[in-house]
Every structure is written in C-alpha cells, then in structure tokens.
Amino acid sequence: MKKTLALLIPVFLILGFYLFETQNKHSASTEGDNKLSPQASLQEEPAETSDQQDTMQADSDLEWNEHIEKLTGQIGSLTPSPEAIDEEVSSFANRLKATQLSLLYKTVISKYKSGDEKLLAAELLARSPLPDSIEHLKNIITTAPESISGSAALQEEFRAIQLLAIEGITQKPLLRNESVKALQSLLPAVDNSFMHDRIARGLSALQGKAPALEDQDREALQKLLKIHR
Amino acid sequence: MKLFSILIPAICGLMLLSPQSYAQPVFDEEFSCTSSQKAEQYVRDFNINVRSFGGMELCDAKVDTKKLFNDLLIVEEGRFAPQASHALIGNFVDSNRYYPWLKAQTEGMNRGNDVPWATAYNSMGYFTMQDGWAGLSTLGRVGVVVHEARHTEGYRHIPCNFGPYAGSSLPGCDGRFLEGGSHGVEMEYYARVVVYGENFHPLYKKMARLMALGRSNFVFNQKVIQPREALFLIRKDGTEARLIDGGRGFRREVSGSGFLKRSSYGPVLFTPDQAFSLDAYDWLGDTRPTADGYSYFKLLTLPKGQPSGQPPKDLEELDIGNKRLLASIDYQDRFGFYNFSKGAWGNFRPIPGKPLGIKTQYKDKQGLFIVLDNFKIIQSLPEQDRLVETTMVWDANDVSYMMGPNREVLQLKADGTVRTLDGNLWIPTQDALWGQAVNIPLYNGFDVR
C-alpha cells in the first residue's frame, strides 16, 4: 500500500501543478479588452498562424458565449443587489465592439434564442455607446413581429423589446444628434399607434420637452395601481 | 491509508475547481442551481409532472423544468416594498401572498404542445404549458403562470374589439382592467414589479414595465393606459386658442395659419404643403410657426411624402384600434391611404362625387367621413378597403363635431358658437366666437401649464 501511495502522490502533485498553471494562463487570457472580442484579438495579432487564430477565435467565442450565458442566467434569478447587476450589464455594454453589436442584433431577431437572451441582447444594444448601435436598434423597431415567431405570445414579447429599442435610442447622451435623426426617420415608418406615440414622446424627451420615457411609464403604471382606490 | 483517504477527496476537490469547470456558468454563484429540497417542494406544492417538462433538472436553465423552478422561486421570494400592500386597497391579489395564492389555484402543472396556438391553458386548475410559454423570457413565463391561476377562480376571456386577436373566433380579451380578470391580475403583477419590486433583476423589472404598457394596449377592450382627450379651439379671428382639459381652460398661442387638425401628438395647423404644430401644453410667448416634426403630417415635407406628388386637398390622421391611418384626398379629388410597410402612398381611388374634405367625427360616430359638395357623406371602411355611400348628411351650419370632457357630443356651428347636440350653448366657450375646434390627445407625463 505504501508503494502505491508513493507512486500516486507525485502523480497528483503533477496534476495539481498542471491545473494551477492552466488556471493562471486562463485568467491572464481574460484580462483586458480583448476578452470580449474575438475579432479584435485577430486584428491586433496578425502574426498568428491560421491554426492559432482558430484556437483563439474558439476561446474568445467561448468566453463571449459564457459571459452572455451568465448574464442571461441572472435575469431568471432574484438578487439582493440589483444595482450591482445593473453596473455589470453597463460595464459589459461599454466594452462591446462594433462586430459584436451585429451578433446581438442577430440574437434579438433570432427565432431560436431564449426570451431572456433576446432581452439581454436588446438591452446591451440600448446601452452601448457606439454609433452603430442606433442602426441596429432601428432595424429591431422596423422588424415585423410576425417574422420572429408564429406564436402570439412571442410576438407580444418582441413588441416589448421594440419598445425597449425605442427607449434605447433616447438614452445615448453622447449620440444625441444621431438619436434625434433616427427617431425622426422612424416616425413615418411605423403604423402601430402605440409605437408611433412612443417614438414621438421619446423624441420630445430627447429635445427636453418631456420627461424620460421610463419616467413617463412609471407615472402611468402608478396611476394604474391607484385605479384600485 | 489514512493519508490516501485524505488526498483523494483533496485532489478531487482541486479538480472540481479546475479552470475548465470553474469557467462554466453552472458553477457561478450568481447562476445558481435549485436545491433538491426546493425542487421537491415545488413539485409537491404544484403537482408538477416533471417528466413532461423534460425530467428533473436543477441547474440547466435550457431545460423547461429548471425554467419552471426559476419562475416559482421568483413568485415565492420576489419582494415588494411594504407600501405595495397599503397603496392597493381592493387589490386583486395580495402582494405578499402570490405564492400561497398560486398554490391554492393550481391542481397540477404539465408541459405539452396539444394546443399550439395557445401559450398555456387551464383545465379545472391543471395548467398545460405550451411551446410558446417555453420560448418566453422569465418575466413572460411568470406572467403566464399568474394569468392562468386567475382562470381557476372562474375568470374567462371575451372576444376582442381590436388588436391582434380582434375578429378571431377565440376569446382573448377582458372587458376592462377593473374587472380583475386574468389580464388584470397579470398587469397588476407587472405594475407592482416596476413600482414596488425590491429584489428583481433590473431587466426583469424593465421587461415588466414594457410588457405592462404594451399588453395593456390590446388585451382589454377598454384601454387602460392611453392619452386623455382634450378639446382645442381657435378663435374665429385666429388670434388665440383655448385648451379645455377636463374642467380646466388654458389660453394658447396660434402660431401660423391653416386648417386645424388632430394629430397623434396634438393640434396641427395644416396647409396643403406643410403642417405646423401648436403647443397644447404651455403658453410660450412665441408665435413663430413651428414645423410639425412629430406626427404623420410631417410627411408633407418629405420626398415622395405628398400624395400623387402634389400637395393634397385634405389629410387626416386617425387611429383604428392599434393601427394608425393616414388618409388623404389628393389634388385630383381621389381618396387613398399611406402604406407604411412600403413607405409610400397606396393607390388612390375615385370618390363618387365632388369632395369638400374629410371629417373624423359625425355626431357620436368616429371614423373617416368624406363630405361632398352636396353635403352627402361617403364613409371609408379601411379594414374592408371600401368607400360606401351613406344616408348621413352634413349640416351646412356645422363646422365640426367634438367630444366634450364628459364624453358629451359637441358641435361647432358656423356662427362661432359651440353647442350640445340638443342645441344648447356650451358654457365654457360662450365668452368668444370660435372658428375651428378638434379633440386632441394629452399625455399624462407632460405638464399642462
């Protein structure tokens, strides 16, 4: 038995050391801006061979997917600190690259992604400070819900995401002029009265003539609850 | 031997914390698995047919069983601020008792796809969740569970007057929010999450807000959240306007001249080739005309925005259900609509007679009424894509019909007076003579000063 033990201990120690090293490498690779951008990694290190690029792409894709999966999973959970989660979502949105915005847009209009993932993707586009995000949000707003799903419930949920997209365009302080132009171009392109009103009210809010859409909504819902009185 | 028995679990423990597994979201503290005790409680409390949901699954949120466990945890442990229960006198469901209420209304839960057009259905307290339920966000799924539970208490739907379910043989609406039916209870839950929710995910709250606002638009035959109607009148000499909002009257400027029209954003002065918006909310002390940038009248200034390429004879914006229409009489006296999906005007059709203009109200009826030069009325039926001759005749002494603050029908007469249908002077406007009047929408979020 002692012999067996003597053989096993070095094996375990080597295995433990290997795992420790791998963990360190993994942590290092997730540092900095690159961790969310497979495309950016490729651009910054053009000397990599094709095989290495594929590996890096796969690793970065994996990290991207894991991060999205983690943030998506949180939506279905309760939290003692909503503010911390809110900051995490904003931080992620602030680090997005233009190429990743396209991935998010595809998620929102996908027929197969989960409701929470679509919601997260739309919210990330809404919070992204990149100019391209506005075009993606516009495309969401003009997409017919019927093209997303045959299910009435899923179409309704997509309508809610379209409302989120309108709100998102109004929440980009650094892109105010682009946001105004985007909303103005949407006004004659939408025939749903509720959406049209929301675009007009969002435009008004952007121009400082009305409270933010979120505040307008909260007031309406507070009144709804008081109807009980 | 002793050392061996210590080392094996230690190494196994180290392997569990290996980078590969540590990176998996299932081990992330914020992406928690449901405990087996909690899962057993839910299966017991709601008589869940676990197999039909894909078998017992405590961690993977892609499996429907785990989705349901997440939903029930949110119902059980979602917290509302204490004022939620005080503010809601006569509430449908006590905000502190969603879980026991849901449990009491549920005989069992199954997963199936036997009624694919439905999201879920309730048969004598047994809920069957369909594929539509599984594809929803967490907020949507919780809303479905709350909604179905109300059906156990005997609340049923009725056919819809408008919206996506209108015209369907299947009942999908409630009469109004205050009836407290399944849609009402669902809406109440969403509104509480938004206004009083304490430990919900920010995106769950945001979705609750947007779903509450969006769905309220078409699941009640009487709309819950909508702009209030006000009356906007311009004096006969065109120097000043008045807004009548409920029982209050406000002086308003008239910046520009033209035909007064109702737009989705407020009063508009329409000239054949452009439109100016009037401020209904405030007296600005500025009478310079402001080009309309919010309503469909803005189309007049856009390339290809004018019907048949020329300034129109008349233009009206009107909501029918959730659909907003833009109708026009073109310069050749033909009638047509703007086609939003194509981003262009549709086909114009001849009007049987010489049109004077379009009215959106005739007595207590609202719609699109084309008044001819012999005062006969042709009605447009947009949903049937038809123009029909009617027996209605416009009185040459009437300028327009409007709804008063108490839903009374008012008429602006050519002599400048505003009267009720039985001919009595309408007191709030007797101090001046009026040339034009329309109803306009006012939004609750905007202050009227």
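User: What pattern does chain A follow along the sequence?
Analyst: Chain A reads α-α-α-α-α-α-α-α-α-α-α. This is a predicted model.

User: How many helices and strands is that?
Analyst: Chain A has 11 helices and zero strands.

User: How much of chain A is buried?
Analyst: Of its 229 residues, 38% count as buried.

User: And what share of the contacts in chain A comes from residues 24 or more positions apart?
Analyst: Such pairs make up 60% of the chain A contacts that have a separation of 6 or more.

User: Take helix 7 and helix 8 of chain A. How do their axes cross?
Analyst: Helix 7 (residues 132-141) and helix 8 (residues 152-170) of chain A have axes that come within 9 Å and cross at roughly 150°. Because angles over 145 degrees count as roughly antiparallel, helix 7 of chain A is roughly antiparallel to helix 8 of chain A.

User: Left-handed or right-handed crossing?
Analyst: The crossing of these two chain A helices is left-handed.

User: Which residues meet there?
Analyst: From helix 7 of chain A, A:Ile134, A:Leu137, A:Ile140 and A:Ile141 meet A:Ile161, A:Gln162, A:Ala165, A:Ile166, A:Gly168 and A:Ile169 of helix 8 of chain A. By class, that contact has eight nonpolar, two polar and no charged residues.

User: Switching to chain B. In which sense do strand 5 and strand 6 pair?
Analyst: Strand 5 (residues 241-245) and strand 6 (residues 248-252) of chain B pair in the antiparallel sense, over five bridges.

User: What stands opposite B:Arg242?
Analyst: B:Arg251, in strand 6 of chain B.

User: What about the turn of that hairpin?
Analyst: Two residues lie between strand 5 and strand 6 of chain B, and B:Gly246 in the turn has a positive phi of about 65°.

Notes:
Residues are numbered from 1 along each chain as its sequence is written. Chains are lettered from A and ligands numbered from 1 in the order in which they are written. This is a predicted model: local features need pLDDT of at least 70, side-chain atom pairs count only at pLDDT 80 or more; totals for chains, interfaces and linings use all residues. Two strands pair if DSSP finds at least two bridges between them. Helices (H or I, at least four residues) and strands (E, at least two) are DSSP runs, numbered from the N terminus. Axes are lines fitted to C-alpha atoms, for helices over the stretch in contact, and angles run from 0 to 180 degrees between N-to-C directions. Angles under 35 degrees count as roughly parallel, over 145 as roughly antiparallel, 65 to 115 as roughly perpendicular and the rest as oblique. A crossing is left-handed if the near helix is turned anticlockwise from the far one by less than a right angle, and right-handed if clockwise. Two residues are in contact if their C-beta atoms, placed from the backbone, lie within 7 Å. Ala, Val, Leu, Ile, Met, Phe, Trp, Tyr, Cys and Pro count as nonpolar, Asp, Glu, Lys and Arg as charged, and the others, Gly among them, as polar. A residue is buried if 20 or more other C-beta atoms lie within 10 Å of its own, exposed if 12 or fewer, and partly exposed in between; C-beta atoms are placed from the backbone.
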